[in-house]
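This briefing summarises the computed geometry of a single protein chain.

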Amino acid sequence: MATLFLRHIHKLIPLDDGGRDIDDGAVFIRDGVIEQIGATAAVTEALGEGVPPDQVIDLKNHIVIPGLINTHHHMFQSLTRVMAQTHELFDWLRSLYPIWSRITSQEIYTSAKLAMAELMLSGCTTSSDHLYLYPNDARLEDEIRAAREIGMRFHAARGAMSLGESKGGLPPDTLVEGEESILKDMRRVIEAHHDKSRGAMIRVVVAPCSPFTVSQDLMRESAALARSYGVHLHTHLAETRGDVAYSLEHYGLLPGDYANEAGWVGADVWHAHCVCLNDREIGLFARTGTGVAHCPTSNMRLASGIAPIRKMIDAKVKVGLGVDGSASNDGGHLLNEARMALMLQRVGGDPAGMSAREALTLATRGGASVLGRDDVGYLAPGMSADLVAFRLDHPTFAGAQHDPLAALVFCQPPNVDLSVINGQVVIEDGYFKAFELPALVEQHNALSRRLIRGD
């Protein structure tokens with residue numbers, strides 16, 4: 001079994017139940033699992049004079065935290081950044097649907113790999129992705145292949161759109177699928193790829209796109225399908241005022257009530273955005289254990305509003321962070337998302353609206369809770385060895401050495417120096433070990449240019 005010893009960590013932030021921060025810390029990893037954690041002297045003594053570790057890394061200038069967890073993304077959108085720059089959600093979608101209809105398997109695979117690389121550089125080690133359109137030869141396997149190659153822990157959400165314009169939905173009819181075909185493929189990908197075991201690298205999620213792109217019948221049937229296999233459910237909800245108006249007009253229900261009637265509340269469900277939930281709906285989510293993916297940057301970019309995250313946290317709603325699609329965020333830096341979450345809860349006038357530790361917890365333990373994982377999100381013996389290290393001698397942190405954790409959230413977000421996923425070093429000295437990033441970026445840009453031009 002492979003072993004890895006990280007030692008002399010300047011500041012180790014496990015975010016465990018004890019709430020301790022460790023100076024001169026150490027983590028010993030065996031076969032992808034944390035075996036020991038604590039001060040370097042104590043862990044070294046516990047290891048004794050036996051077989052030396054396979055790899056030893058000194059991190060005397062670093063802060064180490066659990067790997068960040070991204071709970072909402074649309075990775076294919078990295079192909080179409082900075083478009084429809086002044087549009088709100090519905091008009092933004094309408095302007096991009098024609099371009100996205102030209103996407104093929106190659107674009108899905110390459111955009112996913114690029115988006116995963118971007119996330120990993122920001123400190124992310126686990127991500128979900130909500131792939132809700134399947135034009136041409138695109139399949140969910142395109143993203144799963146990218147995740148396996150790059151080494152990211154991945155929740156692949158089989159999304160869907162079935163309600164085209166001719167039936168009162170938002171997307172063009174050319175981008176929707178038949179509901180029988182959708183359910184059949186959801187079942188197929190679950191059986192082919194979902195790993196329910198602890199420490200799983202690939203899990204599958206059932207994820208109809210939204211109440212304005214699928215029917216109520218599909219929402220109910222997909223929920224029943226997911227629960228028959230014990231997999232999680234995900235969709236968009238209450239993202240904008242227009243989203244709420246659509247729900248009231250077509251279903252006579254507020255979004256939270258719609259979710260409740262469709263069976264889309266519970267500990268196995270999480271919803272993206274939830275900007276426009278009222279207090280009663282927040283209470284429903286709290287009582288049922290329903291999770292929320294907070295996407296602050298995307299909500300600002302599309303002028304959707306500020307989600308009531310402080311109310312949700314105080315009500316004990318499970319909340320994680322999401323970068324959302326790279327065409328409505330135009331970036332995929334998850335540590336920056338924690339920073340934006342903190343700032344947005346203060347912008348209304350409360351300078352204590354969210355602390356740095358709370359923001360970092362949303363990006364780690366919060367995300368793990370939303371995804372239904374008990375093996376990632378904090379650092380402790382028995383947990384999967386997903387952790388990241390940032391250099392503290394970077395100009396970003398100059399003048400902030402007295403509080404490294406707060407510096408991670410308040411200061412300009414840096415990229416990682418070291419990333420370990422499932423006990424494997426995937427980024428070292430700021431560079432990917434298994435592939436050349438510039439070549440991937442060049443390939444991605446070529447596909448993006450061709451897609452946008454319509455070649």
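Accessible areas here come from the Shrake-Rupley method with a 1.4 Å probe. On that basis the accessible surface of the chain is about 16,800 Å², and carbon and sulfur atoms contribute 50% of it. The model is predicted.

**Overall architecture**

- The chain contains 15 helices and 17 strands. Its radius of gyration is 21 Å, close to the 23 Å given by the globule rule for 455 residues, so the chain is as compact as a globular protein of that length.
- The C-alpha trace spans about 70 × 45 × 40 Å along its principal axes.
- Buried residues make up 62% of the 455 residues of the chain.
- Among contacts with a separation of 6 or more, 75% are between residues 24 or more positions apart.

**Aromatic pairs**

- Across the whole structure, a search finds 10 aromatic pairs. In one of them, F76 and W100, the ring centres are 5.0 Å apart and the planes stand at 90°; angles over 60 degrees count as edge-to-face, so this pair is edge-to-face.
- The F76–W100 pair links distant parts of the chain, with F76 in the loop between β6 (68-70) and α2 (89-100) and W100 in helix α2, 24 residues apart. F76 and W100 are each buried.
- A further pair, Y251 and Y258, is tilted, at 4.7 Å centre to centre with 40° between the planes. Both of these residues, Y251 and Y258, are buried.
- Ring pairs also join F76, W92, Y97, W100 and Y132 into a cluster.

**V189 in helix α5**

- V189 belongs to helix α5, which covers residues 179-193. The relative accessibility of V189 is 0%; the cut-off for burial is under 20%, so V189 counts as buried.
- Beyond its neighbours within four places in sequence, V189 is in contact with L140, E141, R158, H194 and V204.
- V189 and V205 are 16 residues apart along the chain, and their C-alpha atoms are separated by 9.3 Å.

**Helix α12**

- Eight of the 11 residues of helix α12 (residues 334-344) are buried, so this helix is largely enclosed by the rest of the structure.
- The buried positions of α12 are L334, L335, E337, A338, M340, A341, L342 and L344.

**H294 and N299**

- H294 is located in strand β12 (residues 291-294), and H294 is buried with a relative accessible area of 0%.
- Not counting residues up to four places away in sequence, H294 touches N299, A307, I309, V319, G320, L321, G322 and A341.
- N299 lies in helix α10 (residues 296-301). With a relative accessible area of 1%, N299 is buried.
- Neighbours within four places in sequence aside, the contacts of N299 are H273, V275, H294, S304 and G305.

Terms used:
Residues are numbered from 1 along each chain as its sequence is written. This is a predicted model: local features need pLDDT of at least 70, side-chain atom pairs count only at pLDDT 80 or more; totals for chains, interfaces and linings use all residues. Side-chain values use heavy atoms; hydrogens and water are left out. Helices (H or I, at least four residues) and strands (E, at least two) are DSSP runs, numbered from the N terminus. The radius of gyration is taken over C-alpha atoms; the globule rule is 2.2 Å times the number of residues to the power 0.38. Buried means under 20% relative accessible area, exposed over 50%, partly exposed in between (1.4 Å probe, protein chains only). Contact means heavy atoms within 4.5 Å. Rings of Phe, Tyr and Trp (its six-membered ring) pair if their centres lie within 6.5 Å; planes under 30 degrees apart count as stacked, over 60 as edge-to-face and the rest as tilted.
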